[in-house]
Amino acid sequence: MHYVFGGAGDHPRPFRALVAGGGTGDATVMLAQHLADCGVDSEVAYVDVSEASRAIAEARAHTRGLTNVRFQTMSLLDLPDSGLGPFDYIDCCGVLHHLDDPAAGLAALVRVLADDGGLGMMLYGELGRTGVYPMQQMVSMLNPDGPAPERLDTARRLLRTLPDTNWLKRNPFVRAHVEQGDAGLYDLLLHARDRAYRVPEIADLCGDAGLRITAFVEPALYDPATYVSDPRLAARLDSLPWLERCAFAELIAGSLQTHVFYAVRSTNPVAPPEPGDPSVVPRLRDSEGAALAGMEPGSTVKATVSGVTVRRPLPPLAAAIIKRIDSRRTVAEIQADIAATNPHLDGEAFRKQFVDLYTALNGLGWMHLARAT
Ligand SMILES: C[S@@+](CC[C@H](N)C(=O)[O-])C[C@H]1O[C@@H](n2cnc3c(N)ncnc32)[C@H](O)[C@@H]1O
């Protein structure tokens, strides 16, 4: 709602979501469950070419008693002529980079996107996957078309042989082949087809499809301020357009293995809600809300995401504000409540502190904003 619908809390019609390449059901189950929990009139369409994955996804939805999911076994490329859609929200995570022609896949999705709808996507990140593609190439040179167990054996033997100079061996962020058994190793090194992207390539892919990116998440990863404190460099970076700042952040981080982002039609002027707007309603992500509520004044938030350690000092009023966030009160109401016991509270100072708090917490995906309903 924050990144695609400008924080809108309600929806003018039944909410229709598509999970394109739904796999074993993570996004389908999550979306369908949240929509059901919120009592939203909704339907989630799951589409995948794999019968085996669909069976797992269906069983998961069944276990939860979800009745708002429709399963289809089909290619997302066939969506435009399927009679499905238009969709308010399309989730397509980890799918387009496996297609022969990712642009054709994205074009098919855009054909079934509602005019005011949006997409949430994940594509592999090139720099964070440093070392993966030379390994894929070597495995394929050694064993181009053997059966899967043999190719897995080839890959394991090769991994044991790698010299210390090898980029995969030197990349501490890629761990799937070590930590996720045969499935992780197969997905990383033996996949029939995958490619990775940098930020400008994603911007081009989206631009060519008639889309505009509204956010990369988590935002702190794509904010040069996370990495650069030198004042001269920071001032120069501040002057760059947003997408260039994101591209710079990816280059300097070096560890981003995936890019998760939201996009809407280029013609859709929607923007995430502004933290400086006193009428917005702040919300904390469930998992962080309780931990943050116990924090001392003057704390710093610190979290490691995608290998990047993000540290942000919190403003003096952080604890007082967080204690009052209940997903219903507006920023203005929170300010008034604090002012009731703090008569010298300066309105401008409060607003600045709220924006700083929002920037720190939203940067990690811990705070979002909604419009009051
Ligand atoms: C890496 S999985 C991602 C699954 C899911 N989106 C997730 O994030 O857990 C990629 C999925 O895309 C599916 N897929 C590949 N090509 C497809 C196509 N042309 N149409 C629909 N699904 C496709 C695969 O079967 C697989 O389930």
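Predicted model: local features only at pLDDT ≥ 70, side-chain atom pairs only at ≥ 80, totals over all residues.
Biologist: How many residues are around the ligand, and which come nearest?

Modeller: There are 13 residues around the ligand, and G21, D48, S75, L76 and C93 come nearest; to be listed there, a residue needs a heavy atom within 4 Å of the ligand. By kind, the shell divides into six nonpolar residues, six polar ones and one that is charged.

Biologist: Why are the buried residues of helix α4 placed on the same side of α4?

Modeller: The buried residues of α4, which spans residues 132-142, are V132, M135, Q136 and V139. They cover an arc of only 100 degrees around the axis, and therefore they lie on the same side of α4. An α-helix has 3.6 residues a turn, so residues three or four places apart point the same way. On the other side of α4, Q137 and M141 are exposed, a word that calls for over 50% relative accessible area.

Biologist: What covers the buried residues of α4?

Modeller: The cover includes α5 (148-161), α6 (167-170) and α8 (181-190), with contact meaning heavy atoms within 4.5 Å.

Biologist: What makes G125 a buried residue, and what does G125 touch?

Modeller: G125, found in the loop between β5 (113-124) and α4, has a relative accessible area of 0%, and because buried means under 20%, G125 is called buried. Not counting residues up to four places away in sequence, G125 touches A196, Y197, L256, Q257, T258 and H259. From C-alpha to C-alpha, G125 and R195 are 8.7 Å apart in space, although 70 residues apart in sequence.

Biologist: How do you know whether D223 and A303 count as buried or exposed?

Modeller: D223, in the loop between β6 and α10, has 16% relative accessibility, which is under the 20% limit, so D223 counts as buried. Its contacts, leaving out residues up to four places away in sequence, are R245, A249 and R312. A303, in strand β9, has 15% relative accessibility and therefore also counts as buried. With residues up to four places away in sequence again left out, A303 touches V308, T309, V310, L364 and W366.

Biologist: Why is V260 called partly exposed?

Modeller: The relative accessible area of V260 is 27%, and because that value falls between the 20% and 50% limits, V260 is partly exposed. V260 lies in strand β7, residues 258-265, and, leaving aside neighbours within four places in sequence, V260 is in contact with M121, M122, A215, F216, V217 and Y222.

Biologist: What is said of phi in S306, and how do you know that S306 is partly exposed?

Modeller: Phi of S306 is near 50 degrees, a positive value in a residue other than glycine, and S306 lies in the loop between β9 (300-305) and β10 (308-313). With a relative accessible area of 36%, S306 falls between the two limits and is therefore partly exposed. S327 likewise has a positive phi, of about 65 degrees, although S327 is not a glycine, and the place of S327 is in the loop between α13 (318-324) and α14 (331-340). At 34% relative accessibility, S327 counts as partly exposed.

Biologist: What is the omega of the peptide bond from G85 to P86, and where is P86 found?

Modeller: That peptide bond is cis, with omega near 0 degrees, and P86 is found in the loop between β3 (69-73) and β4 (87-93). The peptide bond from V217 to E218 is cis as well, with omega near 0 degrees, and E218 lies in the loop between β6 (211-217) and α10 (231-238).

Key. Residues numbered from 1 in each chain as written. Heavy atoms only, no water. Nonpolar A, V, L, I, M, F, W, Y, C, P; charged D, E, K, R; others polar. Buried < 20%, exposed > 50% of the residue type's maximum accessible area, 1.4 Å probe, protein only. Helix = DSSP H or I, 4+ residues; strand = E, 2+ residues; numbered from the N terminus. Arc of directions from axis to C-beta.
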